[in-house]
Amino acid sequence: MNTTTATAELPRTHSRYPRRPRLVSAEVLKLRKRRGLVLATFALTVLPMIVAYIVLVILHATEPAKHGPAGGLENFSGSMYVLTQLGVVAAILLGATAGAGDLRSGVFRELVITGRSRFALFAARVPAGLGLAVAAVWAGFVVTAVASTVLAGSLEPPGAGLLVDSAAWLALVVGLALVLALGVSSAVGSRGTTIGVLVGWQLVLTPFLLQMGTLGSLRELLPAAATERLAPSALFDGSPTVPMSVSVAIAVLAAWTLVPLAVGAWRTWARDA
Amino acid sequence: MSIGRQANRRTEGSGAFVVETSRLRKRFGDRVAVDDVDLRVPRGSAFGYLGPNGAGKTTLIRMLLGLTGATSGTMHLLGRPVPAERTAALARVGAIVEEPRFHGHLTGRENLTVIAAAREPEAHDRIEGALTRAGLSQRADELVKRYSLGMRQRLGVARSLLADPELLILDEPTNGLDPAGMHEFRDMIRGFVAEGRTVLLSSHLLDEVEKICDAVAIVDRGRVVMQGSIADLARGGEQTILIATSDEDRALTLLTESRAVASAVAEAEGIRVRLRPDVEAEPAADDIGRRLVLGGLAIRRFEPARASLEQRFLEITSRLEEAA
């Protein structure tokens, strides 16, 4: 009896199926095979960091007296600001696609026919989207962290503690944008509408509202105010735009996470497939 | 691996009917799409759900599959009440509803992987067999957006086989197929039935249903107006005899004298004789034959003309229209 035969005669068990949740793997497959989406995500996260540091290196090399070294804490802080903004846009793209992809293609109906719980179908989108979004911004973060350390020259490089805190904070900001986009797109069923509304909210309306002092403590309800409050203190100069306690910031972020997810899950459960 | 049904496989339910509905109703605002439908689909048969476009066929299927809720009434799939035990019931149900939909940016095989992930783990083992059965093994790694409509239909069949289904629900499955594709599809469905699976086929194509199905329910304006075996249904129609003789004019004269004859019309293939609904067919045929022979005519053809499903369908629906 050869090895192949022996293997074929072994009793069937479930151990040969992947231990990770199969629905999550399927969601990751659907997202990562969208070539345009993957390219756009990395164009928003990794590419700008590479380009930014190349420009800084060239500037420093051509006019060292006017432009300091490309690395260092100050440039790290600046590139983190850009990475956060663009990472949020990438997360919105991923979240909107993960939330509305099955509906748009009509495959949601085919998934419902399997008898699988609609909540399970919705829930699988969350870790899949989060995994890809965080992986993308962390790839950009690695470029930033390495460049700002290696190219620091005479400047102070970011410390290890700051790098770890910054990576965690970046994941928090991007994760929040992703679940918001996922919940909204699952509720409205439209990727384009979700992207338009949330990018406008994030890049236009939020900065405007944050600066409106007349709104007073109402601004604490803005997720951007809460994430800014939780940012590593060494990352951005000055105090947060909207002063608030850490516990309020956490509560605001919890609400901005749970409410969109609850609405998206409810709509996924209730809609005609 | 073959996707053919294993003979010793446990079946989910042992009841005589795989689909049972009772006073099932679906209302969209003022419009009643499905109206108190009592439907029973016998296990191991090819069952046609036949009706014109807009009769409520797809709505009923969508309710059975949990895609939309019922307004009232009860449903059982494979002996299990739905939606209460929907997950367990649908585990052994494969379905194609309207045009099968896929992720165009994934390959055929990847699309099956996505659906298998939502089913039991063993569904992954059935992917290769399902692709082979649907004749897509060679094209399984191409993106679905490059598939023709016929290939998508095949992939839809492959997808429905991932459940190793006891019941296949196919809603207008031959839409868009060319004649060769339709012929192949018919053979595939009969093959499923031969394996012991039940096929519920919804269609507005009478000819298709007649060629594939053993039994049928006719639905019109949301109501099931008749159900039974194809043979029973055809027998329930008008009794007609087709006759060819040596002298057609003389035969027509003799036939109109018979009290059993409702009408006699000369057609290209002979005289079509409709019997009165209140007479017994056999004695009436004996009487007609005797008259023609005694009248000196040579009989070249004398056969009962079986009503086609189409004739019966038109008869039933036109009767309903008159009643309305």
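**Helix packing and the chain interface**

The crossing of helices H3(B) and H5(B) is right-handed, meaning that the near helix is turned clockwise from the far one by less than a right angle. This is a predicted model, in which local features need pLDDT of at least 70, side-chain atom pairs count only at pLDDT 80 or more, and totals for chains, interfaces and linings use all residues. Residues are numbered from 1 along each chain as its sequence is written, with chains lettered from A and ligands numbered from 1 in the order in which they are written.

H3 spans residues 108-118 of chain B and H5 residues 149-161; their axes come within 10 Å and cross at roughly 35°. Axes here are lines fitted to C-alpha atoms, for helices over the stretch in contact, with angles from 0 to 180 degrees between N-to-C directions. Helices (H or I, at least four residues) and strands (E, at least two) are DSSP runs, numbered from the N terminus. On the H3(B) side, B:Gly108, B:Asn111, B:Leu112 and B:Ile115 meet B:Leu155, B:Ala158 and B:Arg159 of H5(B), contact being C-beta atoms, placed from the backbone, within 7 Å. By class, that makes four nonpolar, two polar and one charged residues; Ala, Val, Leu, Ile, Met, Phe, Trp, Tyr, Cys and Pro count as nonpolar, Asp, Glu, Lys and Arg as charged, and the others, Gly among them, as polar.

H3(B) turns up again where the chains touch. The contact draws 27 residues from chain B and 24 from chain A. On the chain B side, the elements giving two or more residues are H2 (86-90) and H3, and H3(B) supplies the largest share, six residues. Sorted by class, this side has 14 nonpolar, eight polar and five charged residues.

A few backbone details in chain B stand out. The peptide bond from B:Val82 to B:Pro83 is cis, with omega near 15°, and B:Pro83 sits in the loop between strand E5 (80-82) and H2. B:Glu98, in the loop between strand E6 (93-96) and H3, has a positive phi near 50° despite not being glycine. With 15 other C-beta atoms within 10 Å, B:Glu98 is partly exposed. Buried takes 20 or more other C-beta atoms within 10 Å, exposed 12 or fewer, and partly exposed anything in between, with C-beta atoms placed from the backbone.

Key
Contact = placed C-beta atoms within 7 Å.
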